[in-house]
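User: Can you walk me through this one? I have a few quick questions.
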Amino acid sequence: MVSMDTTPEEWARYTPRERLQRYAIFLLAVITIIWALTSIDVIWPWVFDAPQQMGDLFSRMVPPDVTNLPNILWVLLETVNIATIATAIAVFVSLPVAYISAQNTTPNAATLWLGRLILVSSRSVNTIIWALLFVAIFGPGIVAGIIAIMFRSIGFIGKLLGEAIEEIDRRPVEALEATGASRLKVILYAIVPQVMPTFWAVAILRWDINLRESTVLGLVGAGGIGLILQSAIDTFNWQEAATVLLAILALVVLGEVVSAWLRKRIM
């Protein structure tokens with residue numbers, strides 16, 4: 001008589017080999033973190049003393065000083081203008097860059113690599129670094145801030161729009177090309193309608209990001225609310241610094257509300 005074992009096999013999410021690989025990756029990550037911590041010069045007494053110093057700093061900030069509030073609000077408006085103008089220019093400039101960086105619309109390989117070089121170059125440099133460069137060229141002020149944010153935004157907007165162009169449905173494009181439509185008409189009636197939702201979503205998102213980034217441009221002399229914040233910190237006027245920080249927080253929250261409203265209304 002043949003005995004039949006009907007006991008079900010125990011289910012395991014990972015095989016022994018996969019489990020070993022996961023443990024090896026985890027161990028490698030721990031070793032990497034330990035190596036990174038030991039390779040940098042951390043002054044641990046300052047780290048352990050940080051909570052006490054933060055408490056002392058916050059006590060100096062209370063209550064916030066609102067005597068300079070009218071000037072702070074005016075510069076805050078200047079910060080919004082920097083972000084808005086820079087985003088508008090970046091959207092306009094990034095359109096042809098996105099077109100030549102998409103594989104299905106670029107004229108040739110040379111323009112493809114040119115477009116992607118522009119995108120990579122823009123995204124590889126932080127906004128503060130761009131601001132430092134343009135402050136040296138144009139001098140301190142909002143012009144340097146606008147151009148810095150614009151250069152940084154081109155890579156972000158162009159990359160996302162380029163990817164959206166690459167994912168379009170080719171059938172409307174082929175239908176218009178079969179009728180002998182010009183390249184401009186193909187772009188306007190076959191490509192633009194398909195990428196328009198992405199265009200608005202990316203533009204609104206980048207404006208929201210630029211609103212945050214424009215608040216720190218004044219730290220390097222590129223205009224905006226960061227200029228007053230840096231001045232308050234340099235003069236140890238912590239109560240005014242608290243007012244500036246609260247104004248920045250309010251601006252960021254307002255930017256979130258406005259961007260959410262715009263997405264709901266447009267998209």
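This is a predicted model: local features need pLDDT of at least 70, side-chain atom pairs count only at pLDDT 80 or more; totals for chains, interfaces and linings use all residues.

User: Start with helices α9 and α11. At what angle do they pack, and how far apart are their axes?
Analyst: Helix α9 covers residues 183–213 and helix α11 covers residues 238–266; they pack at about 175 degrees, with 10 Å between their axes. Angles over 145 degrees count as roughly antiparallel, so α9 is roughly antiparallel to α11.

User: Which residues make that contact?
Analyst: From α9 they are W200, I204, W207, D208, L211 and R212. From α11 they are L251, V252, G255, E256, V258, S259, L262, R263 and I266.

User: And how do the residues of that contact divide by class?
Analyst: Nine are nonpolar, two are polar and four are charged in the contact of α9 with α11.

User: Switching to pockets. What volume does the largest pocket have?
Analyst: The volume of the largest pocket is about 240 Å³.

User: Which residues line the largest pocket?
Analyst: The lining consists of L95, P96, A98, Y99, L161, I165, I187, I191, V192, V195, M196 and F199.

User: Next, E213. Where is E213 placed, and what does E213 touch?
Analyst: E213 is in helix α9. Leaving aside residues up to four places away in sequence, E213 touches T127, R152 and R206.

User: How far apart are E213 and T127?
Analyst: In sequence, E213 and T127 are 86 residues apart; in space, their C-alpha atoms are 7.4 Å apart.

User: What does the side chain of E213 make with the side chain of R206?
Analyst: The two side chains make a polar contact at 3.3 Å.

User: Now the backbone. Is the peptide bond from V62 to P63 cis or trans?
Analyst: The V62 to P63 bond is cis, with omega near -5 degrees. P63 sits in the loop between α3 (50–61) and α4.

User: And F236, is its phi positive or negative?
Analyst: The phi of F236 is positive, near 60 degrees, and F236 is a residue other than glycine.

User: Where is F236 found?
Analyst: F236 lies in the loop between α10 (226–234) and α11.

Terms used: Residues are numbered from 1 along each chain as its sequence is written. Side-chain values use heavy atoms; hydrogens and water are left out. Axes are lines fitted to C-alpha atoms, for helices over the stretch in contact, and angles run from 0 to 180 degrees between N-to-C directions. Helices (H or I, at least four residues) and strands (E, at least two) are DSSP runs, numbered from the N terminus. Angles under 35 degrees count as roughly parallel, over 145 as roughly antiparallel, 65 to 115 as roughly perpendicular and the rest as oblique. Contact means heavy atoms within 4.5 Å. Ala, Val, Leu, Ile, Met, Phe, Trp, Tyr, Cys and Pro count as nonpolar, Asp, Glu, Lys and Arg as charged, and the others, Gly among them, as polar. On a 1 Å grid over the protein atoms alone, a cavity is a set of points where a 1.4 Å probe fits but cannot get out, and a pocket is an open set with protein on both sides within 12 Å along at least five of seven lines; lining residues have an atom within 4 Å of a point. Grid points are joined across faces, edges and corners, and a volume is the space filled by probe spheres set on the points. A polar contact is a pair of N or O atoms within 3.5 Å; within protein, one must be able to donate a hydrogen and the other to accept it, and residues adjacent in sequence count only if both atoms are side-chain atoms.
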